[in-house]
Amino acid sequence: GSLDPYVVVRLGNFKGITNHFEKNQSPEWNEVFAFAKDNQQATTLEVVVKDKDTIHDDLVGTVRFDLYDVPRRVPPNSPLAPQWYRIVNKNGEMMNTGEIMLAVWKGTQADEAFSDAWHSDSMSPTGRFAANNAHIRSKVYTSPRLWYLRVKVIEAQDLVSPDDKSRAPDAYVKLQHGNQVFKTKPVQSRVNNPRWDQGTLFVAAEPFEEPLIITVEDKNETIGNVIVPLNTVEKRADDRTIRTQWYPLLKSMSSAMEDGQKKIKEKDKDKFASRIHVSVYLDGGYHVLDESTYYSSDLRPTSRQLWKKPIGVLELGILNADVQPTKSRDGRGISDVYCVAKYGHKWVRTRTIIGNLNPKFNEQYTWEVHDPSTVLTLGVFDNGQLNDSNDSKDSKIGKVRIRLSTLETGRIYTHNYPLLSLQNSGLKKMGEVHLAIRFSCTSMTNMINLYFKPHLPKMHYTKPLNIFEQEKMKYQAMIIVAARLGRTEPPLRKEVVEYMSDTDSHLWSMRKSKANINRLKSVFSGLISIGSWLMEISTWKNSVTTVLVHILYMMLVCFPQLILPTMFLYMFIIGMWKWRFRPRYPPHMDTRLSCADVTNPDEFDEEFDPFPTKKSQDIVRWRYDRLRSLAGRVQSVVGDIATQGERLHALLNWRDPRATTIFMLFSLVAALVLYVVPSQLVFLFVGFYLMRHPKLRGKLPSAPVNFFRRLPALTDSML
């Protein structure tokens, strides 16, 4: 009469299996199996109850359902009530005692049970990966709330050297929070009361699991320790002054731990008299950067009391993808694809579609939006954790960034975005991902008002951090976020978090340098075009245009009140003209802008070389020489710009007394003339002189240019 039951749910070649119970005739599973409509290869659903055995599993009974008779459930209708079904034995006879309770329905991904269900499109037909079901489910993650931990070491009293009590200790303080360490400068005091007045910043994450460890040392010998639990530290959301505290220094670390946890009794306390004066508090008025500054998805301060109401809702639908094979299995190229989307503190991960180059996700997610000048990031990855292969990394397939300010409110964008991957061998298109995105605004007035408010919280302007502190803290924040998300189930692996957060965006790359130079050229292309146009006017390349410009110039000089209105009207007309050519879809990764299409393989190999390098000495020497030649050209350009500026200074600093005298006399004469002659006549004369006909021009440089080029610079004094 014993029974070790389990259930097999089969539809065509796809089957899901429940856990088995030992010696239990009334088991409860409460498991859901979802079969995708696209994968249905049969018209009959079979629910088979079996008895687990060491040699051969015995058939207990079966319940069959015709798919045409299965009811359809559409939310918000209530879930279908389960009911008891008599099972049929292997001879096709209805059993009198055996029953199984279940519910069968045709539903959608909006069903409550869908997220925790077993999915047929996330499993191979053979059920080969059933043991790793936790690694393929969809999941929503929340990154930890990050704080700046500000610590300032002020002074200590009655320090005693651990090896020689008659000697004044050469003491320094070591502060440690997690893997973040800071050391003060050694200070020696004759009265054993050293004063440091040095501070630092750490990044701390909620919940505060790791304390702040303060250690006073003398030549690597410990004088005393203090353990400060962060949940006892005061928090502030503004720039008010926080009260400092004295902490007793305990000799052993265990005593310091007990004292920090308030478990040590007064009579058992170490009676060591040394103590340290520090200021410790959590700064919640800043936004702790944990991603690249240019792709920030959240700009709110840490303290919740400073958060404003959301201005809208962002809805993202991850529909499907079309990818290239990333690995081979059973003799054919396949990919086990999943997507990760990040905005603000919320990370989402779709379920993994196994062995399919055209996966269909059809999953929808929403975020609250607090600032339109933020970026949604979506990455597509190949799952490398199947078959318990925890050592292998998840391969990067591609990434998409969408800035919310480029979206029209209320409009649904449905578009295929290319998935581009930079590899050592060059640029490769890995496929496309089909997304539907909509940004809904609750109050257009509030959103327009945000455009005129500071980008970052108030504390970044009243008590600004220097750029070196921000970069250091950003790196530590990325490490903390990656570690916390890696401890979830299923984990978001470190390589996924780093790829989504662009942790290596600050590293040197020849390709990025070329791209930034081209961007700089594009920014100043308008000024260059205006300069070229003025050159054509001054050389009378088109006589009609030049005459019209002369007339316009006379009007503007005679009626200067028309200059600003004309400029703003011109900009309005340009904006209206370019409105016709506005982008219809959010911009995506641009290979031409990134210089990815003109970069040679060696530069890609240098870009993906880890830091520090692992290349051979000859390759490193060649790359160093190339970098020196490039830096030499940059150095020359910077020097030329500095030379022109120094020549301007030389007009009045008497480095060349004759040149300064000439310029002073010219300034005096010009002042007298401008006092007498109307300024409009002066501007007309200067303008007509610059636009004079080529027959009135000489081939040699003008006198002012010759005078300026003869002015001295500080290059003569450089070694």
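**Close-up views of the model**

View 1. Asp197 is partly exposed, with a relative accessible area of 38%; partly exposed stands between buried, under 20% relative accessible area, and exposed, over 50%, for a 1.4 Å probe and protein chains only. This is a predicted model, in which local features need pLDDT of at least 70, side-chain atom pairs count only at pLDDT 80 or more, and totals for chains, interfaces and linings use all residues. Residues are numbered from 1 along each chain as its sequence is written, and side-chain values use heavy atoms, with hydrogens and water left out. Asp197 sits in strand E14; strands (E, at least two residues) and helices (H or I, at least four) are DSSP runs, numbered from the N terminus. Although Asp197 is not a glycine, its phi is positive, at about 55°. Most residues other than glycine have a negative phi, and most peptide bonds are trans.

**View 2. Asp158 in a loop.** Asp158 also has a positive phi, here of about 60°, and is not a glycine. The loop that holds Asp158 runs between strand E10 (146-157) and strand E11 (170-177). Asp158 has 40% relative accessibility, so it counts as partly exposed.

View 3. Glu206 and Pro207 are joined by a cis peptide bond, with omega about -10°. Pro207 belongs to the loop between strand E14 (195-205) and strand E15 (212-218).

View 4. On either side of the loop with Pro490 are helix H4 (467-485) and helix H5 (494-501).

**View 5. The largest nonpolar core.** A nonpolar core is a set of buried Ala, Val, Leu, Ile, Met, Phe, Trp, Tyr and Cys residues joined through side-chain atoms within 4.5 Å. The largest one here has 33 residues, and Leu316, Trp367 and Val433 have the most contacts inside it. Two or more residues of this core come from each of strand E20 (312-323), strand E23 (337-343), strand E25 (360-369), strand E26 (375-382), strand E27 (395-403), strand E28 (412-423) and strand E29 (426-441). Another core, of 28 residues, lies apart from it and includes Ala156, Phe202, Phe208 and Val233.

**View 6. The surroundings of Val433.** Which residues does Val433 touch, leaving aside its neighbours within four places in sequence? Val433 is in contact (heavy atoms within 4.5 Å) with Asn320, Ala321, Leu378, Val380, Val400, His415, Asn416, Tyr417 and Leu419.

**View 7. His370 between two strands.** His370 lies in the loop between E25 and E26. Is His370 buried or exposed? Its relative accessible area is 17%, so His370 is buried. Apart from neighbours within four places in sequence, His370 contacts Arg300, Lys308, Lys309, Pro310, Ile311 and Leu450. The C-alpha atoms of His370 and Leu569 are 33 Å apart in space, and the two residues are 199 apart in sequence.

**View 8. Phe468 in helix H4.** Phe468 is part of helix H4. With a relative accessible area of 70%, Phe468 is exposed. Between its C-alpha atom and that of Ala515, 47 residues apart along the chain, the separation is 24 Å.

**View 9. Met510 in helix H6.** Met510 is found in helix H6, which covers residues 510-523. Met510 counts as buried because its relative accessibility is 8%. With neighbours within four places in sequence left aside, Met510 is in contact with Glu603, Glu606, Arg626 and Leu630. Met510 and Cys595 are 85 residues apart along the chain, and their C-alpha atoms are separated by 9.7 Å.

**Context for the views: the whole chain.** The chain has 14 helices and 29 strands. Of its 719 residues, 39% are buried. Among the contacts with a separation of 6 or more, 68% are between residues 24 or more positions apart. The C-alpha atoms fill a box of roughly 120 × 90 × 60 Å along the principal axes. The radius of gyration of the chain is 36 Å, whereas a compact globule of 719 residues would have one near 27 Å; this radius is taken over C-alpha atoms, and the globule rule is 2.2 Å times the number of residues to the power 0.38.
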